[in-house]
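Here is a short note to read beside the model. Keep the sequence open as you go.

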Amino acid sequence: MTVATPDPATAAHPEPAGVDNRVVVGGAALTWRTLPRPALPDPAAVLAQSAVHALAAARQHAVHGTELLLSTASRVDEAMRAELSEAGFSVTVVDDDGAHPSAPARARDADPGRLWLLTSGSTGRPKRVGHTLDTLTTVRADQPERTWLCPYAPGTYAWWQVVTLSLTQPGQHLVVVEPDELDDWPALAAAHGVDAASGTPTFWRRTLYRDAAALARVPLRQITLGGEPVDQAILDQLRDLLPAARISWIYASSEVGASIVVHDGRAGFPVDWLDRETAGRPTLSVHDDELVITSPYHGAGLAGPVRTGDRVQVVDDRVLITGRLDSDEINVGGSKVSAGVVRGVLTGHPAVAWARVTGRRAPVLGRMVVAEVVLAPADGAGVPDEAALMRWCADRLPEHAVPRRIRVLTEIPVKETLKSDV
Amino acid sequence: MHSLGCRLRRMNELSRAQIRDLMAQVLKNQDKELPADDAAQLREIGFRSLDFSELALRVEDETGEELNFDAPGLRRIATVGDVLDFLVELQHQ
């Protein structure tokens, strides 16, 4: 193991602009400046035991440019450790005792300033995407002073978005939620004056489902959704509960950075944003129902148009992002159904808190649309049964798109990424 | 076929009557009724391929076993009785 050593910032390695922002983590109120300072190897693949260790590694990178891949241990299996070691990283567990590095299988020089993200990738096998603090920093304009909730898993793109904002802008404070605090975050947030929060639609649905009254007590001025398709129902529910907050949804990925930001409270983005070229801004296009983005915030080696793998559908004057191309389209006897569109209809039902829509193998038609739902806590209006939900869908969708089996789950499923693979 | 009892039903297998109940449920969800007569024409009661597929999924969900949809060859399914016969048979594939 390595003993933590003081590493005062120097003229060559100045502290980031946000160094004195408040950082509440693991129940302690710190600042970026007062975070622990583990001595990290370079290049390092840091497996952070908890949020404070991840933040400490991020600060180290910001000051010293340490080449860094940051993750939690649970996202890196043995095969990935070996792969990272082969790629020259010193795989380093960081915990309360400091940094515990292991020698890389193939030592090499560090690439100063390089940050690596592990993306889940469409194949399920995580892949590395190269960034820098600069390409990860997408909010540059001066912001009103805010205290941000950070519920994301360390090292994910969404986590870096919140972290870079706080590192680079004075007045952008952080309250970090550990995984075991996730269900009760509104109490933590209210206690620390959180007024801005970013989460996946699944994260927001779970919060509304578990305790909407507690959420209403958080003095939120800014609500941000991203990481999954955003439907109208979740935007409407949040607006009704928190009328004082600005509600934004963001389309962002490790590959193309934050490319779409929508503040008008509606799902999708305006059709006239398509194929509009503006210097310094991403260009959005659609090819064969796939969203294609050319972005200045792209990952290393990803210049030019990037096929996102996300399926879009134009409905009236909006371009809706309905889901992953390889899973969103369900072919029912030759008729194409968008799982995302069906999901939007189900979550539009006042008694549905969450829904997942998939295709299921069936005779004659090849596949049929089926769904799983979580019902909102009963409010006296009664709980709809399968037939009632089918009728709700039948009134709003073509016949072949109506889910023919609807299973009720008792809890909204969520993964470490705060997504639920809807 | 198996009506003489010379063949025991598998544990999770549904009887013709149970499948009939499920078929009635599929129609009831659409405010339609299943006639008692097995000779009733599917076209007349409004039981279509989507409904047939849904019924097959319900049979799977009840038994917890996947039906092998590819096993039997093509056939004409025109009456309520055809549907029930087909699904009873499919459980044996």
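1. Start with the domains of chain A. The assignment gives domain 1 (21-194) and domain 2 (327-409); such bounds come from an automatic or database domain assignment. Taken over C-alpha atoms, the centres of the two domains are 38 Å apart.

2. A word on the source. This is a predicted model, where local features need pLDDT of at least 70, side-chain atom pairs count only at pLDDT 80 or more, and totals for chains, interfaces and linings use all residues. Residues are numbered from 1 along each chain as its sequence is written, while chains are lettered from A and ligands numbered from 1 in the order in which they are written.

3. Now look at strand β10 (residues 172-176) of chain A. Strands (E, at least two residues) and helices (H or I, at least four) are DSSP runs, numbered from the N terminus. Five of the five residues of β10(A) are buried, meaning that 20 or more other C-beta atoms, placed from the backbone, lie within 10 Å of a residue's own. Q172(A), L174(A) and V176(A) cover one side, H173(A) and V175(A) the other.

4. Which strands pair with β10(A)? Pairing requires at least two DSSP bridges. Strand β1 (residues 22-25) of chain A runs parallel to β10(A), with two bridges. Strand β9 (residues 146-150) of chain A is also parallel to β10(A), joined by five bridges. T147(A) has H173(A) as its bridge partner.

5. Helix α9 (residues 339-347) of chain A is mostly covered, with nine of its nine residues buried. Among them are R343(A) and L346(A).

6. Chain B has four helices and zero strands. Of its 93 residues, 20% count as buried.

Technical notes:
Buried ≥ 20, exposed ≤ 12 C-beta atoms within 10 Å, placed from the backbone.
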